Amino acid sequence: MSTTTDRGPAQGSSYRAVLGSPHVARLLGGTLIGRLPTGMAPIAILLLVRAEHGPLALAGLLGALYGLTSAVGQPLLGRLVDRHGQAQVLLPATLVATAAFLALPCTGPVRHPVIAALTVLVAGLSTPPLEAGLRALWPHLLPDAGRRRTALSLDSSTQGLVFVAGPLLATGFAAGSGAVSAMVATAALGLLGTGLVVTARPSRTWRPTEFTGEVHWTGPLRVPGLRVLFAALIGTGVALGAVNVLALSAAERHHAGWLAGVMPAALSIGSMLGGLAYGRHAWPGAPSRHLVAASVGFAAGWLPLLPDPVPAVAVLGAVLPGTFLAPLLTASFLTVDRLAPYGESTEAFAWLIACIGVGQAAGTALASLAATAGPLLVAAVPLAGAAFALWLLHRFNDRLSA
C-alpha cells in the first residue's frame with residue numbers, strides 16, 4: 001500500500017517529466033504492445049473461424065470465451081506475481097499464451113470446436129497481467145505522488161488504444177496475408193511487448209514482499225472498500241461491453257456500416273482526451289470523491305444516446321462518456337493503491353481489471369438480448385451499468401476513504 005500523499009501539485013509532474021523518467025516510456029510502451037492481443041485476439045479468432053466457413057455463432061462464442069477467461073485469469077496470475085516476482089510469472093504466461101495462439105489455426109476450429117475452445121481457454125487464462133504489473137511498479141518508478149498521478153492518468157488514457165489499434169491490426173493482417181497471419185501477429189506482438197517489459201531493470205529486479213504469516217485466501221477482497229470498488233467497476237464494464245452492440249445496432253438501423261467501428265473508437269478517443277486533461281492538474285479532494293464525480297459524468301454521458309440520434313450525433317455522443325472514463329479509472333487506480341493490503345498490490349490491480357472484463361462480457365450479452373426489443377432498451381444497458389456504479393460509489397463512499 002502506498003504511503004505517499006496524493007494531495008497538492010507536485011513539482012515536475014508534467015507528461016514530459018514523467019515520460020522522461022528512467023524506464024517509464026519503455027515500460028508503458030511495452031505494456032501497450034504486450035496487451036494488443038487483448039484487442040486483436042477476439043477479432044482474429046472470428047476471422048479465423050469465418051475463413052474456414054464456420055458459423056458466426058461459433059466465432060462469437062470462441063471470442064467471448066477468450067475475453068472472459070483472459071479477465072478471470074488476471075487475479076490468479078497477479079497473486080503469483082506478488083509471491084514470485086514479475087519476470088518469473090509474466091514470461092512463462094506469455095510463452096504459454098503465444099503457443100496457444102499459434103496452435104489455434106492447427107486445431108481446425110470448425111472441424112474440432114472442442115479442441116479449439118480448450119486452446120482458446122489456455123490462451124485466455126495465460127494472458128499475462130501486464131497492466132496490473134505496471135501499476136504495481138509505479139510507486140517504485142515514481143515515488144513522487146504528483147508524478148505518479150500523472151503517470152496513472154497517462155496509463156489509463158492510453159490503454160484504450162489497445163481496443164482501437166488491436167482490431168485494426170488484426171483485420172489489416174488478415175486482409176493482407178490471411179486469417180492465420182492475424183493470429184501469428186497476435187502471438188508475436190504479445191511476446192514482443194512482454195519481452196520489453198520483463199527485460200527492463202525495474203521489472204526484472206522487482207521482488208515480492210516477504211510475508212511473515214499466511215495470506216488470507218480471499219486476498220485483497222477482504223478489504224471492504226476494495227469490494228465496493230470492484231463491484232462498481234463491474235457496472236462500468238457493463239457500459240463498456242454494451243458499446244459495440246449499441247454501435248452495431250445503430251449502424252444497421254441507419255444504414256451506416258462505418259458507425260460500428262467509429263462509435264467505440266470515439267469513446268476511446270474521448271477517454272484519452274479526458275485522461276490527459278485530468279492528469280495535467282492536481283485536483284482537490286481525495287480519489288474517492290473523484291470517483292463519484294467522474295461516475296456522475298460517465299453515467300450522464302450516456303443520456304444523449306437514448307433517443308437513437310443520427311450517426312454524426314451518435315459519434316459525438318460516444319465521446320462524452322469517454323471523457324469521464326479515464327478519470328474514473330485513474331481515481332480507481334489511486335484508490336486501489338491506497339487500500340491494497342501490503343504486498344498484494346498486483347493482485348488487487350488484477351482484480352480491478354478482471355471485474356471490468358467480467359462486466360464487459362455481461363454488458364455485451366445484455367445488450368445483445370436487448371437488441372431484439374428496440375434501440376431504447378439497447379441504449380439503456382450502458383446507462384444502467386454506469387448508474388449502478390455511481391450508486392455503489394456514492395452509497396459506500398466512506399469505505400473507499402478508509
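This is a predicted model: local features need pLDDT of at least 70, side-chain atom pairs count only at pLDDT 80 or more; totals for chains, interfaces and linings use all residues.
User: At roughly what angle do the axes of α12 and α16 cross, and are the helices parallel or oblique?

Analyst: Helix α12 covers residues 224-253, and its axis comes within 6 Å of that of α16. The two axes cross at roughly 45°. Angles under 35 degrees would count as roughly parallel, and 65 to 115 as roughly perpendicular. The crossing is right-handed, and α12 and α16 are therefore oblique to each other.

User: What about α7 and α16: at roughly what angle do their axes cross?

Analyst: Helix α7 spans residues 130-141 and helix α16 spans residues 345-370. Their axes come within 8 Å, with a crossing angle of roughly 135°. Only angles over 145 degrees count as roughly antiparallel, so the relation of α7 to α16 is oblique, at that angle of roughly 135°.

User: Which residues make the contact between α7 and α16, and how many of them are charged?

Analyst: α7 passes α16 in a right-handed crossing. From α7 come E131, A132, G133, R135 and A136, while α16 supplies S345, T346, F349, A350 and I353. Sorted by type, these residues are five nonpolar, three polar and, for the charged class, two.

User: What span should α7 have, and how far apart are its end C-alpha atoms?

Analyst: α7 has twelve residues, and at 1.5 Å a residue they should span 16 Å.

User: How many residues of α7 are buried?

Analyst: The buried residues of α7 are L130, E131, A132, G133, L134, R135, A136, L137, W138 and L141. The helix is mostly covered, then, and of its twelve residues the number buried is ten.

User: Is H23 buried, exposed or partly exposed, and what is its phi?

Analyst: H23 sits in the loop between α1 (15-20) and α2 (24-34). Its relative accessible area is 28%, so H23 is partly exposed. Most residues other than glycine have a negative phi. H23 is not a glycine, yet its phi is positive, at about 75°.

User: Where is H53, and what is its relative accessible area?

Analyst: H53 also has a positive phi, of about 60°, although it is not a glycine. Its place is in the loop between α3 (36-51) and α4 (56-84). H53 is exposed, because its relative accessible area is 74%.

User: Which residues does G270 touch, and is G270 buried or exposed?

Analyst: G270 lies in helix α13, residues 259-279. Its relative accessible area is 0%, so G270 is buried. Leaving aside residues up to four places away in sequence, G270 touches V319, G322 and T323.

User: How far apart in space are A145 and A371?

Analyst: A145 belongs to helix α8 (residues 145-159) and is buried, with a relative accessible area of 11%. A145 and A371 are 226 residues apart in sequence. From C-alpha to C-alpha, their separation in space is 45 Å.

How values were computed: Residues are numbered from 1 along each chain as its sequence is written. Side-chain values use heavy atoms; hydrogens and water are left out. Axes are lines fitted to C-alpha atoms, for helices over the stretch in contact, and angles run from 0 to 180 degrees between N-to-C directions. Helices (H or I, at least four residues) and strands (E, at least two) are DSSP runs, numbered from the N terminus. A crossing is left-handed if the near helix is turned anticlockwise from the far one by less than a right angle, and right-handed if clockwise. Contact means heavy atoms within 4.5 Å. Ala, Val, Leu, Ile, Met, Phe, Trp, Tyr, Cys and Pro count as nonpolar, Asp, Glu, Lys and Arg as charged, and the others, Gly among them, as polar. The expected span of a helix is 1.5 Å times one less than its number of residues. Buried means under 20% relative accessible area, exposed over 50%, partly exposed in between (1.4 Å probe, protein chains only).
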